[in-house]
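Biologist: Can you walk me through this one? I'd like to start with a helix and then move to the interface.
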2 protein chains.
Amino acid sequence: MKGKFFGLGVGPGDPELLTLKAYRILNEVDVICMPKSRLERECVAYNIVRPLLRGEKEIVELYMPMTRDAEILEQEWQKGAATILAFLRRGLDVAFITIGDAMLYSTYSYLMAKIKALDEEIEITTVPGITSFAATAAALNIPLAEGEERLAIVPSIENPQKLPEVLAQFPNVVLMKVAPNFNEILDVLEAEKVQDKAVLVSHCSTPRQQCEYDLERLRGSKPDYLSLILVKQQGRWL
Amino acid sequence: MKGKFFGLGVGPGDPELLTLKAYRILNEVDVICMPKSRLERECVAYNIVRPLLRGEKEIVELYMPMTRDAEILEQEWQKGAATILAFLRRGLDVAFITIGDAMLYSTYSYLMAKIKALDEEIEITTVPGITSFAATAAALNIPLAEGEERLAIVPSIENPQKLPEVLAQFPNVVLMKVAPNFNEILDVLEAEKVQDKAVLVSHCSTPRQQCEYDLERLRGSKPDYLSLILVKQQGRWL
């Protein structure tokens, strides 16, 4: 019998923010796979789950390049899917771990699709995870959205020049992984007069958590890769 | 010494989707408070955590009316905050439980603000929870958003006539608690030609989970209160 494949969202950083379900599955599977880019010394997702692991596991790093080159990505996802499929066909259960939620800006969704395409019979279970923005709102005691307010989630690699149209429609905006375009984003927030209604948080829920309400102080610097900006245009939260 | 106040997001329905942190705190506090409207026979959040409770607890229902009348709401939140504060001042630790995430469309954020306003000294810890939309994406193995795609979260009570402007800007849209305006929402999705790119899910992650890809079949009916619609305009997921 073929093994089962699990995608586990392991949350933003604090091991206690795993769900009971992800924790159980993590300790039931035979193999744990994780994404690894050439630049990282260690996998962030693995550092989160490491204190929760009981007993011996086969730990497998799958190379996931930090590139937007579709051909390279396709190739590496195929390789990753093939590696996982080989375990599954030996009857081993495999979990792929990913930070935050498994279905939001995650490599897992691509891998899952590849595995499905290669072998329709494989049983796939996805376990949702706490997102960095939910953890940020909780850490700062700031609501993400209340009542009739909308919430927009905007990924980092989007062109910051498109932000004004989002800010015009959404009182609450989460900008994810803001490091690459940080100074451009600052310019837009300033031009839109919402700079004092924004907060930047890095490594939320971990001992390295940093929080900056005065974004101007960070101009010229490059925030850590795992940083987000929460913009709240209404209310008196910030 | 005053007790500590905790806000716990208990997730969408499956008790296993609580975080390890919420689970620990739930069993450490002296008092568990929960929202209760006159219409409900039982509190949804309490049904989620009930199988996880170890030992005796004081369980307190706080009346939270299902109304948009600001005066009535203000009054009831004040009463709820006063009830909680009385426990805290006796040195008891209190957890308020809420479905989904604690900081997204939750009564908790109002209560927390009231308690803070009444007594600045109270230590408040908010624990994020799995949202219904993250659980839906996981259950259906559909990504909420990938790569450069934005994601919009839109609460139910918004006027459906405003949806076209959201759909024009966001490839992925979550419509929360769609029951009250359901047929009007259907009209908009049809007019915008995205009806076949939408799925309705109720009671996600519970034994009552229901999923309907053919929304037209539901016309004229009223979906359950805990229903959402996920619209994916791009890709071949639906």
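Modeller: First a term: buried means under 20% relative accessible area. This is a predicted model. In helix 5 of chain B, the buried residues are B:Phe133, B:Ala134, B:Ala135, B:Thr136, B:Ala137, B:Ala138 and B:Leu140.

Biologist: What do the buried residues of helix 5 of chain B pack against?
Modeller: In chain B they pack against strands 6, 7, 8, 9 and 10, and in chain A against strand 5 (124–127).

Biologist: And what phi does B:Asn141 take, just after that helix?
Modeller: A positive one, about 55°.

Biologist: Switching to the interface. How many residues of chain B are in contact with chain A?
Modeller: 55 residues of chain B, in contact with 55 residues of chain A. About 4,500 Å² is buried between the two chains, with carbon and sulfur atoms giving 58% of that area. B:Glu16, B:Leu20 and B:Arg150 supply 15% of what chain B buries against chain A, more than any other three residues.

Biologist: How many salt bridges across it?
Modeller: The rule finds four. One pairs B:Glu165 with A:Arg150, with the closest N and O atoms 3.1 Å apart.

Biologist: What else does A:Arg150 have next to it, say on its backbone oxygen?
Modeller: A polar side-chain atom of A:Asn172 lies 3.3 Å from that oxygen. The A:Asn172 side chain also makes a polar contact with the side chain of A:Lys232, at 2.9 Å.

Biologist: Is A:Asn172 buried or exposed?
Modeller: Buried, because its relative accessible area is 1% and the cut-off is under 20%.

Biologist: Last one: how do strand 6 of chain A and strand 6 of chain B run?
Modeller: Antiparallel, joined by three bridges. A:Leu151 has B:Ile153 as its bridge partner.

Conventions. Residues are numbered from 1 along each chain as its sequence is written. Chains are lettered from A and ligands numbered from 1 in the order in which they are written. This is a predicted model: local features need pLDDT of at least 70, side-chain atom pairs count only at pLDDT 80 or more; totals for chains, interfaces and linings use all residues. Side-chain values use heavy atoms; hydrogens and water are left out. Buried means under 20% relative accessible area, exposed over 50%, partly exposed in between (1.4 Å probe, protein chains only). A polar contact is a pair of N or O atoms within 3.5 Å; within protein, one must be able to donate a hydrogen and the other to accept it, and residues adjacent in sequence count only if both atoms are side-chain atoms. Helices (H or I, at least four residues) and strands (E, at least two) are DSSP runs, numbered from the N terminus. Contact means heavy atoms within 4.5 Å. Buried area is the accessible area (1.4 Å probe) that two parts lose on being put together, summed over both. A salt bridge is a side-chain nitrogen of Lys or Arg within 4 Å of a carboxyl oxygen of Asp or Glu. Two strands pair if DSSP finds at least two bridges between them.
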